[in-house]
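Notebook open. I want the surface, the fold and the charges of this chain, in that order.

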Amino acid sequence: MINKIKGYAKASRHNFTRVVALIMAIAVLCAGTAFAATSETYIVDVYEGSQVTRVETTEEDVY
């Protein structure tokens with residue numbers, strides 16, 4: 001009976017380690033994609049007569 005309990009505790013520790021490793025891997029992947037998705041953007045105001053249109057762009061020049 002004691003051997004069965006020890007075996008179960010070992011399996012639980014092994015499964016716990018796998019689950020923690022999986023959670024850490026998912027967290028690293030999510031963090032990596034979150035930082036990769038952020039790019040430098042610029043807000044540009046376009047004036048046409050009395051109207052102003054605000055545009056968000058990644059371009060640095062007017063072309």
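I looked up the accessible surface first: the chain comes to about 6,200 Å², and 63% of that belongs to carbon and sulfur atoms. The areas come from the Shrake-Rupley method with a 1.4 Å probe, and for residues only the protein chains shown count as cover. This is a predicted model: local features need pLDDT of at least 70, side-chain atom pairs count only at pLDDT 80 or more, and totals for chains, interfaces and linings use all residues. Residues are numbered from 1 along each chain as its sequence is written, and side-chain values use heavy atoms, with hydrogens and water left out.

I checked burial next. Buried residues make up 0% of the 63 residues in the chain. My classes are buried under 20% relative accessible area, exposed over 50%, and partly exposed in between (1.4 Å probe, protein chains only).

Then the fold. Helices (H or I, at least four residues) and strands (E, at least two) are DSSP runs, numbered from the N terminus.

I looked at the strand pair. S1 and S2 (residues 51-57) run antiparallel over seven bridges. Strands pair if DSSP finds at least two bridges between them. The two form a hairpin with two residues between them. Gly49 in the turn has a positive phi of about 65 degrees. I noted two facing positions: Val44 stands opposite Val55 in S2, and Ile43 stands opposite Glu56 in S2.

I searched the whole structure for salt bridges and got one. The criterion is a side-chain nitrogen of Lys or Arg within 4 Å of a carboxyl oxygen of Asp or Glu. The partners are Arg54 and Asp45, with the closest N and O atoms 2.9 Å apart. Arg54 counts as exposed at 60% relative accessibility. Asp45 is partly exposed at 29%.

Patches came last. They take residues with over 30% relative accessible area and no salt bridge, joining like charges within 9 Å and nonpolar side chains (Val, Leu, Ile, Met, Phe, Trp, Tyr) within 5 Å. Phe16, Val20 and Met24 form a nonpolar surface patch with about 320 Å² of accessible area together. Phe16 is in helix H1 and is exposed at 56%.

Which residues form the negative patch? I list Glu40, Glu59, Glu60 and Asp61. Lys and Arg count as positive, Asp and Glu as negative; His and the chain ends are not counted. Charges are placed at NZ of Lys, CZ of Arg, CG of Asp or CD of Glu. Glu40 lies in the loop between H1 (2-37) and S1 (42-48). Its relative accessible area is 56%, so Glu40 is exposed.
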